[in-house]
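Here is a friendly briefing to read with the sequence and the model side by side.

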Amino acid sequence: MTGNHKSKTITRRRALVVTGGTVAAGGLAVTGYQSAFADETTSAAEATATATATSTTSECMTLMSSVTEGPYYLDGALVRKDITEGKSGVPLTLRLTMVDATDGCTPVPGAAVEIWHCDAWGYYSGYTTANPGGSAPAESEDGSTADDATYLRGYQVANANGVVKFETIFPGWYTPRTCHIHVKVHTGGEKEDGTYEGGKVNFTGQFFFDDDIAQEIFTLEPYSRHSGSYTTLDNDMVYDGGGASSGLLTLKAVKKADPARGYKGFLTLGIDPDAENTGAGGGGGGGEGGTPPSGEPPTDAPTDTATASESAS
């Protein structure tokens with residue numbers, strides 16, 4: 001699908017870059033795949049080899065501008081690999097590789113990658129009374145022991161290859177958005193009291209999922225208990241149709257004949273460690289509003305006629 005592509009002016013200092021989009025990116029795509037699925041204890045020698053391979057390309061990646069953090073961001077996410085807290089859903093392993101777009105796409109060890117997303121019925125931790133649209137059970141009916149303030153949120157710090165790994169579930173959906181995961185990349189801070197403190201946010205963005213895979217998963221339990229109109233990629237207000245360069249994950253089924261067994265998703269993210277983009281409020285390049293709500297969590301689902309600051313997340 002081509003989606004609703006928007007023309008953007010993109011600068012290297014304010015951009016996230018991801019694999020794909022140019023002939024030169026082809027070599028990096030292979031390197032990115034190998035790095036993303038490498039064991040987290042990969043040696044420094046292997047990290048050096050990766051850096052050498054990526055630095056041989058003159059234009060290693062396609063640039064992508066930052067987008068909104070959305071209204072459901074919370075500070076203080078925990079540093080951990082498994083963010084599910086017992087939430088049910090199709091297993092999803094994310095392996096993401098951080099590289100420096102300003103330095104030959106060399107790995108960025110120590111980059112802190114923060115992700116957050118909704119559960120199988122479209123609910124976010126911290127905002128569990130917000131109506132996801134359509135017809136869904138109340139979040140409290142899922143039967144899990146998840147902490148309503150922290151589930152499906154977390155940080156991981158990149159290893160010597162710039163790689164982070166998360167264990168989570170395939171996100172559900174809510175009106176009017178397509179299936180997605182939010183991401184922030186931080187540098188310069190440190191782990192403290194179980195979370196990540198200090199430094200700055202280099203990039204704020206979102207990851208997306210192939211429609212065919214998402215819609216197949218949504219026929220499975222517990223996703224199928226949320227009925228209604230699902231927004232496809234080409235109708236989403238944030239995804240701009242650029243494939244990997246717009247955050248579209250590459251997905252590999254654990255077992256092709258049984259999607260309930262789960263998926264592995266990967267992407268190589270190029271950042272500018274000197275840039276700063278929190279994504280709060282309006283974001284460039286497809287981020288339409290996204291001012292975090294104040295006071296009580298919202299009680300009504302956003303609609304297609306809602307203002308951008310109310311709906312984009």
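The points below cover the nonpolar cores, the aromatic rings and the cysteines.

This is a predicted model, in which local features need pLDDT of at least 70, side-chain atom pairs count only at pLDDT 80 or more, and totals for chains, interfaces and linings use all residues. Residues are numbered from 1 along each chain as its sequence is written, and side-chain values use heavy atoms, with hydrogens and water left out.

**Nonpolar cores**
- A nonpolar core is a set of buried Ala, Val, Leu, Ile, Met, Phe, Trp, Tyr and Cys residues joined through side-chain atoms within 4.5 Å; buried means under 20% relative accessible area (1.4 Å probe, protein chains only).
- The largest core has 40 residues, and Phe-170 and Phe-218 touch the most other members.
- A second, separate core has 12 residues, among them Tyr-72 and Tyr-155.

**Aromatic rings**
- Rings of Phe, Tyr and Trp (its six-membered ring) pair if their centres lie within 6.5 Å, with planes under 30 degrees apart counted as stacked, over 60 as edge-to-face and the rest as tilted.
- There are 13 aromatic pairs by this rule.
- One of them is the tilted pair of Phe-170 and Phe-209, at 4.5 Å centre to centre and 50° between the planes.
- Both Phe-170 and Phe-209 are buried.
- Phe-218 and Tyr-223 are buried too.

**Cysteines**
- With a disulfide taken as a pair of cysteine sulfur atoms within 2.5 Å, the structure holds 0 disulfides.
- The sulfur of Cys-118 has that of Cys-179 as its nearest cysteine sulfur, 6.8 Å away.
- Cys-118 is buried at 2% relative accessibility, and Cys-179 is buried at 0%.

Notes
Buried means under 20% relative accessible area, exposed over 50%, partly exposed in between (1.4 Å probe, protein chains only).
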